[in-house]
Amino acid sequence: TSLAHSSTYGTVSGRVGVRIKLPAGFYVSPWVGVGSTLGAKDVSLGSKTYEHNPLLIFPTVHLGYRAR
């Protein structure tokens, strides 16, 4: 559309979590990543401006299987 916009920026982040063993070789791994965007700017589309939030928070849970 005529409102399309692209930008380039970088991120710096770290994560912390734990791997919990489950029966039969399975595991669950909850973790959270926290970081910041570098070089990102506010974006204006039409008459609206969307403010850039430099803080990134990314919680997730991985489920997996470890073959032996």
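The legends below describe close-up views of a predicted model.

Local features rest on residues with pLDDT of at least 70 and side-chain atom pairs count only at pLDDT 80 or more, while totals for chains, interfaces and linings use all residues. Residues are numbered from 1 along each chain as its sequence is written, and side-chain values use heavy atoms, with hydrogens and water left out.

**View 1. Strand 3 and strand 6 run antiparallel.** Strands are DSSP runs (E, at least two residues) numbered from the N terminus. Strand 3 covers residues 26-38 and is joined to strand 6 by eleven bridges; two strands pair if DSSP finds at least two bridges between them. Within this pairing, Trp-31 stands opposite Thr-60 of strand 6. Strand 6 lies largely in the open, because one of its eleven residues is buried (buried means under 20% relative accessible area, exposed over 50%, and partly exposed in between, with a 1.4 Å probe and protein chains only).

**View 2. Strand 1 and strand 3 are also antiparallel.** Eight bridges connect the two strands. Opposite Val-12 stands Ser-36 of strand 3.

View 3. Patch residues have over 30% relative accessible area and no salt bridge, with nonpolar side chains (Val, Leu, Ile, Met, Phe, Trp, Tyr) joined within 5 Å and like charges within 9 Å. A salt bridge is a side-chain nitrogen of Lys or Arg within 4 Å of a carboxyl oxygen of Asp or Glu. Accessible areas come from the Shrake-Rupley method with a 1.4 Å probe, and for residues only the protein chains shown count as cover. Phe-26 belongs to strand 3 and is partly exposed at 44% relative accessibility.

**View 4. Arg-19, Lys-21, Arg-66 and Arg-68 form a surface patch of positive charge.** Lys and Arg count as positive and Asp and Glu as negative, whereas His and the chain ends are not counted. The place of a charge is NZ of Lys, CZ of Arg, CG of Asp or CD of Glu. Arg-68 follows strand 6 (55-65) in the chain and is exposed, with a relative accessible area of 83%.

**View 5. Glu-51 lies in the loop between strand 5 and strand 6.** Glu-51 is exposed at 70% relative accessibility. Its C-alpha is 46 Å from that of Ala-67, 16 residues apart in sequence. Tyr-50 is in strand 5, residues 48-50, and is partly exposed at 46%.

Terms used: Helix = DSSP H or I, 4+ residues; strand = E, 2+ residues; numbered from the N terminus.
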